[in-house]
There are 2 protein chains.
Amino acid sequence: MKTYRLALIGFGNVGQGLAQILRDRGPELGERYGATFQIVAVCDFLQGSLYNPVGLDPAVLLAAVENDGHLRNIEAPQQGWDAEETISGSKADIIVEMSYTNLETGEPATSHVRWALQAGKHVATTNKGPIALHYAELADMARQNKVEIEAEGTVMSGTPAIHLGRDQLAGAGIKRIQGILNGTTNYILTQMEGGASYADALREAQVQGYAEADPTGDVEGIDAAGKVVILANLLMGESLTMADVKRTGITGITLEDVGAARAAGERWKLIGTIERKNGQIQASVQPVRLPLSHPLASVSGATNAITYATDLLGDVTLVGPGAGRIETGYAVVSDLLAIHRAKKQ
Amino acid sequence: MKTYRLALIGFGNVGQGLAQILRDRGPELGERYGATFQIVAVCDFLQGSLYNPVGLDPAVLLAAVENDGHLRNIEAPQQGWDAEETISGSKADIIVEMSYTNLETGEPATSHVRWALQAGKHVATTNKGPIALHYAELADMARQNKVEIEAEGTVMSGTPAIHLGRDQLAGAGIKRIQGILNGTTNYILTQMEGGASYADALREAQVQGYAEADPTGDVEGIDAAGKVVILANLLMGESLTMADVKRTGITGITLEDVGAARAAGERWKLIGTIERKNGQIQASVQPVRLPLSHPLASVSGATNAITYATDLLGDVTLVGPGAGRIETGYAVVSDLLAIHRAKKQ
């Protein structure tokens, strides 16, 4: 049994989801995979920071958030460290980066990842920014420091789209990736299939907590474009940037469009595509009318899906959740297990 | 770069598919995954047996089969060994078991696997017999000899259903598995959806090469039941036998049944299910009427699919090919890479 010490940068929804999984399933994971994951540090901008080299009980962390709304009442040898101090000062083997970021600068998450790799620590991140904007640099830095960088949670939350593509399918020759990579827009389109107007469907998505107050990132396809860049760079060895993705959102889709597709036995989906054509890579996010027989056509609601078109296996499709606190927490577990597989013995 | 020496037991369709992949993609696999797979022995009941400790060129093996119909004209230091001599006498690290077997005794494949494990050699097998009938014993033998036993090709050919379930999803708590695990019956049911009678659809499946002259194993659900046993034992820690699977085939499904389902917005599928209920495991293969919104309902033709219902991620579905020479050859590649991951460094 190998023990890995974790420093969690960010303790919002995803961090708490991860803590819950380690609290409830830590022993079972240990038994199944031969690895124990022990939280030694938590650093959250709002909730406070703790470091205890002998370990922090996830149950205690979760109870403090629930009862006090923050972590500052928990006793620990070291309190109040910022992210940089936590990353460089804690004796953690793995930095779990779950703070916040954007798809323009990638900060502050990218700095966190850089500090971690430079300090010779493995990284698991659920933040799209660093991976979509700076993956080549970070992967290189990881190689030089002989550590791993993992990012399962950046695409389809805990549905293991990246590990499936990288560990299982890359050897079969991935020539095209197509996916429903954003749950909010798929939820809206599904509601419109049921007869709701775009405005009503968006409002319902906001009520359900799928869409934010400003839905631009989702409905204009920016979130999906970030995932397209990540998939192209991680799985197809490309060096795309956000600007390389031809992008159209769903705001122009009307009930008439939905009806016309239905009459033709088709369905609108917001599809992210990466494809090699004549030696060139083409990447896009756009609404596409799919025949009902297409494996992505029946993916409804907030569910996500991805189809890998491969040379040796033809099409392989993975369908699963695209968001959620526990689901994204599990993406981190998936990354921790990948680091363990890469490093064992 | 680590080199693994392979002895291939069986050089029919799957063995030739594997040789083709190693011939065409060996260098690329090496670069991507840091492992070289070198064939040193081939033993086939019909085509002859060869052993060359410095390696056998897959291109030469394939050309011999194509030109001569057998391997006996290829020069090699050792010729004519039987399976037992090849397994124990060759300096192979991995025995790739692709001979033949049945779901009653599991022989001769099971003996091949036992000899390999006892000789301290890893095993990758595409034969359902040993895994469905003797997995507990063989897994124990592998542990004692500190080697790996892999069997991706026994379910959904090269679609990585087993590795996805074991390496990525088992930690999320698999509580139910449901799948379309037999391509022949799914092809027949899809033809019947299109208006063909059962008899016509079966005949077309035989013409297309999906169904054998005696289709019993497919249409009575025996093949799918073997896969149900494999999934239960490999992924859910059970010790089921074939007799534990409640089994009904598709021979009783009529065009009237298909029409009645369609009128209700449903579709007949032959579904393998493993489920824990009240602490008890229930396993079955039977025709089920699925609503069209079900992720397995839209899986058509000879394609296979599997849905893992998990505690942490909800439903995760994988769709891909269920048979084929290259596809099953790739299942072996997937197993070789899993052995490499388990053993590297």
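The following paragraphs treat the cysteines briefly and then turn to a pair of helices in chain B.

The model is a predicted one. A disulfide is a covalent bond between the sulfur atoms of two cysteines.

In chain B, helix α6 spans residues 161-169 and includes B:His163. Is B:His163 buried or exposed? Its relative accessible area is 0%, so B:His163 is buried. Leaving aside residues up to four places away in sequence, B:His163 touches B:Glu150, B:Glu152, B:Gln168, B:Ser334, B:Asp335 and B:Ala338, together with A:Gln168 from chain A.

Some of these contacts lead to a second helix. Two packed helices are described by the angle between their axes and the distance between the axes. For α6(B) and helix α12 of chain B, residues 325-343, the axes come within 11 Å and cross at roughly 25 degrees. Because angles under 35 degrees count as roughly parallel, α6(B) and α12(B) are roughly parallel to each other. The crossing in which α6(B) passes α12(B) is left-handed.

Which residues form this contact? From α6(B) come B:His163, B:Arg166 and B:Asp167, which meet B:Ser334, B:Asp335, B:Ala338 and B:Arg341 of α12(B). By class, the residues of this contact divide into 4 charged, 2 polar and 1 nonpolar.

Conventions. Residues numbered from 1 in each chain as written. Chains lettered and ligands numbered in written order. Predicted model: local features only at pLDDT ≥ 70, side-chain atom pairs only at ≥ 80, totals over all residues. Heavy atoms only, no water. Helix = DSSP H or I, 4+ residues; strand = E, 2+ residues; numbered from the N terminus. Buried < 20%, exposed > 50% of the residue type's maximum accessible area, 1.4 Å probe, protein only. Contact = heavy atoms within 4.5 Å. Axes fitted to C-alpha atoms, helices over the stretch in contact; angles between N-to-C directions. Parallel < 35°, antiparallel > 145°, perpendicular 65-115°, else oblique. Left-handed = near helix turned anticlockwise from the far one by under 90°. Nonpolar A, V, L, I, M, F, W, Y, C, P; charged D, E, K, R; others polar.
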